[in-house]
Amino acid sequence: MNRRKFLTFMGTAGVVSALGTAKVAEAGVHTFPYYDNGYGVLHDMTRCIGCRQCEAGCNKVNNLKKPDVPFTDVTVTHKRRRTTTTEWTVVNRYDLGHNEFVFRKIQCFHCNDPACASACFTKCYKKNPDGSVTYDDTQCVGCRYCMVACPFYIPTFEYEEAFDPIIQKCTFCHNRLEKGQLPGCVESCTMDALTFGRRKDLINIARKRIAENPDKYLDYIYGEHDAGGTAWMVLMPKPKGMPQIATGNAAEAAPAMKKIGLDTHLGTQPMGELTYGALGTVPMIISFWPVIFGGAYGMTKRREAIAKANQEKAVAEERQKTLETVVQCIEKEQGKEAADKARAAMTAALDEQDAKAEKGGEDK
Amino acid sequence: MEHKIVIPTKDKMFNMGPMLSLTPGNIITYILLAIGLVVTIVRFTQGIGAVSNLDDYQPWGMWIGFDLLCGVCLAAGGYFTTVACYVMGMKQFSSAARPAVLTAFLGYLFVVIALLYDLGHPLRLPYMFFFPGTTSVLFEVGLCVATYLTVLFLEFSVAPCEWLGKKFPFLLTYRHWIEKIGILLTIMGVCLSTLHQSSLGSLFLICPGKLHPLWYSPFLPMFFFVSSMAAGASMVVFEGMLSHAGMHEYMDKKHLSQSAGVTLSFSKAAAMILFSYFIMRTVDMLVHGNVVYLFSSYGMWWLLEMFGFVLTPAFLYAKGSRDLNVPLCRAASVMAVAGIVLNRFTISMIAYNYDLPASDRYFPNLPEIMVSVFVVTMIVTAYRFICYHMPILYEHPDFKEHD
């Protein structure tokens, strides 16, 4: 190889490796794309009066089963309710102390990188470009791991259905968004507590509201970063007597957020990423364990072979030694000729004995 | 004792006598199987809600916590024994390998059967191969369990071949090939076991908000794998005790002469694994700053688990194996197995949803428990059937190993 050829070769290698790196960087690590332009909803709790109109709207547009208690009865909000197969959204009342009660609407948060979708082993869940997280029941096995994975206790399962039980959850009215309509709950809110818009705009709106009324709001937009960010976000009022927190400080917001049933300890990573480290060890184990155990097996076999060879060698040496001792005795007393004869006869006899023993072993 | 072993011949293939006679044990078995059958019918005609307390807060209860998590873990004896015996060349345990492989095979088979009760669409289980959700830990578990069940079936299939070989000679050719690839199957078995035993722990990595901090740890997969090794060793001892009580007359001289050695050696291994498991869990608790939680009711539960059901059996095992005290080793194995079950119950049920008010918490109902009892009864019945017909606890005279 001359110098020119060598340089060409090295140059090519460099370009190829650079291209390879670029491709890897471009590919990224996120399995579920984060749609920057997706929609979201901001729930401003300071405006919510717990009238349950959103529940009624959701029930109507999704053709869900009519509830036993009419939507006009607002006392049910005093109970700790959760989403069910026929109630995809519920509004609950929370006690902040100092005789201060607030309402929070519960529904799917439509995470940017949803735990349910990461957990589903038959790919039933989908994060759509419009921001919604939807579920397709046609390939659902009914394992309910999505319900285990969801940090907000949102998906529900039709336990009473014998033959075709499926998951039920808020869809962000994905079918209505496609037609250019608002989600049922947002449309029916009379207090303007639910603001629909692009997620990134909603964050700006929320910031502005907090800046304009720093004493009214807790300086924390729940869902901005929690669990990797969610399309639906919550603004809560600052409880009376509580000092304002540092902007977006999860630890400081935790006691107040806990009062309205929100967990700020989920971290800023998407929940699915917590399992990626464990999943990442799979190729390592598949590729390396056979080497370790195959190697151990090889060592065992070799050890056994060496032990066997050593034993055979020891037996042969012992035999030769005995034979020589006897022959030397004979040589001393009867001369060399007799000794040679005796050696030949004894070797033949021993060989015959060995052959017999070997044959016997095989028969056994 | 050896003369009592009934080896089925070409003319008399079946030996159903011990299973059909009306002994108290058999009568209880029949009753449990009948109850299980009724619950099964209700489950598959009325839905999961009709036979369980599972709800939207607790989607995984008794069936996953016991049948799946404990079932897989307690079947770890299969890989543990075959690795010791075939890879590490500890020939003195050769008589323990077949019962362990049989237990593992039945364990996994019935894990899958029990899973069908828990799934909303049991017939769609194979969908995971058509729509693989590769980001899901459950996918890895499913794939590994399916593959490992196949491996275990191949490993175990040697025994039915020896049983039926006289009648269907082609099985002997098959048996010969399985013997040839035996070491390959063993190594595949340990790889797959490492993967899914640990993945059962990884399943809970996704819900840090729901599992109590004393049990949630990024090292959950490792804890599950290490405790499965302890479970594997313990189950060999535990099961040895049970089969000595129930099927003594089906053991040959080799099995009987090796059994004390197997118990003592496996106890020694279990003691060491349990000690290291104890240290791992304790260090993990300390480095995650969880000491503050020790002074709560969950803390008491954690201390009970760690000291009562990890450290105590570890000491008993160590003492038992040092003093050559087989009954003490067996007592330790009962505690260790109970401890593993306790740990899996804690992670899947007791410490799961720890932050919810008591009214929203889960407790299994009777039909749910009866399904689990049904599954265990089926495993025991299948185990007995196989031991009465196939060379598990004895070596078939036609297929004795030379060593």
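In this predicted model, B:Thr263 touches B:Val237, B:Val326 and B:Cys329, residues up to four places away in sequence being left out of the list and contact being taken as heavy atoms within 4.5 Å. B:Thr263 belongs to helix α13 (residues 253–287) of chain B, where helices (H or I, at least four residues) and strands (E, at least two) are DSSP runs numbered from the N terminus. With a relative accessibility of 6%, B:Thr263 counts as buried, the classes being buried for under 20% relative accessible area, exposed for over 50% and partly exposed in between (1.4 Å probe, protein chains only). Residues are numbered from 1 along each chain as its sequence is written, while chains are lettered from A and ligands numbered from 1 in the order in which they are written. Local features need pLDDT of at least 70 and side-chain atom pairs count only at pLDDT 80 or more, whereas totals for chains, interfaces and linings use all residues, and side-chain values use heavy atoms, with hydrogens and water left out.

Two further helices of chain B were examined. Helix α5 (residues 77–87) of chain B has 10 of its 11 residues buried, so it is largely enclosed by the rest of the structure; among these buried residues are B:Tyr79, B:Phe80, B:Val83, B:Cys85 and B:Val87. The helix α5(B) is followed by B:Gly89, which has a positive phi near 70°. Helix α14 (residues 297–322) of chain B comprises 26 residues and reaches 36 Å from its first C-alpha to its last, close to the 38 Å expected at 1.5 Å a residue, the expected span being 1.5 Å times one less than the number of residues. Within α14(B), a kink of about 25° is found at B:Leu311, shortly before the proline B:Pro313; the bend at a residue is the angle between axes fitted to the seven residues ending there and the seven starting there. Just after α14(B), B:Leu324 adopts a positive phi of about 55°.

Because A:Lys336 and A:Asp340 are four residues apart in helix α10 (residues 336–363) of chain A, about one helical turn separates them. An α-helix has 3.6 residues a turn, so residues three or four places apart point the same way. A:Lys336 is exposed, with a relative accessible area of 55%, whereas A:Asp340 is partly exposed at 38% relative accessibility.

In chain B, a salt bridge links B:Arg175 to B:Glu179, the closest N and O atoms being 3.7 Å apart, and both residues lie in helix α10 (residues 170–180) of chain B, four residues or about one turn of the helix from each other. B:Arg175 is buried at 10% relative accessibility, while B:Glu179 is partly exposed at 46%. A salt bridge also joins B:Asp323 and B:Arg322, with the closest N and O atoms 3.5 Å apart; B:Asp323 is partly exposed at 36% relative accessibility, and B:Arg322 is exposed, with a relative accessible area of 66%. In chain A, salt bridges that share partners connect A:Asp44, A:Arg47, A:Asp192 and A:Arg209 in one network.

The secondary structure of chain A consists of 10 helices and 10 strands, and 43% of the 364 residues of chain A count as buried. Of the contacts in chain A between residues at least 6 apart in sequence, 61% join residues at least 24 apart.

At the interface, 61 residues of chain A are in contact with 60 residues of chain B. About 5,100 Å² is buried between chain A and chain B, 62% of it on carbon and sulfur atoms, buried area being the accessible area (1.4 Å probe) that two parts lose on being put together, summed over both. On the side of chain A, the residues losing the most area to chain B are A:Phe121, A:Tyr153 and A:Tyr159, which together account for 15% of what that side buries. Four salt bridges are found across the interface of chain A and chain B. The side chains of B:Asp355 and A:Lys258 also meet in a salt bridge, at 3.0 Å from N to O. The elements giving two or more residues to the side of chain A that touches chain B are α3 (115–119), α4 (145–149), β6 (156–157) and α9 (273–334) of chain A; α9(A) gives the most, with 17 residues.
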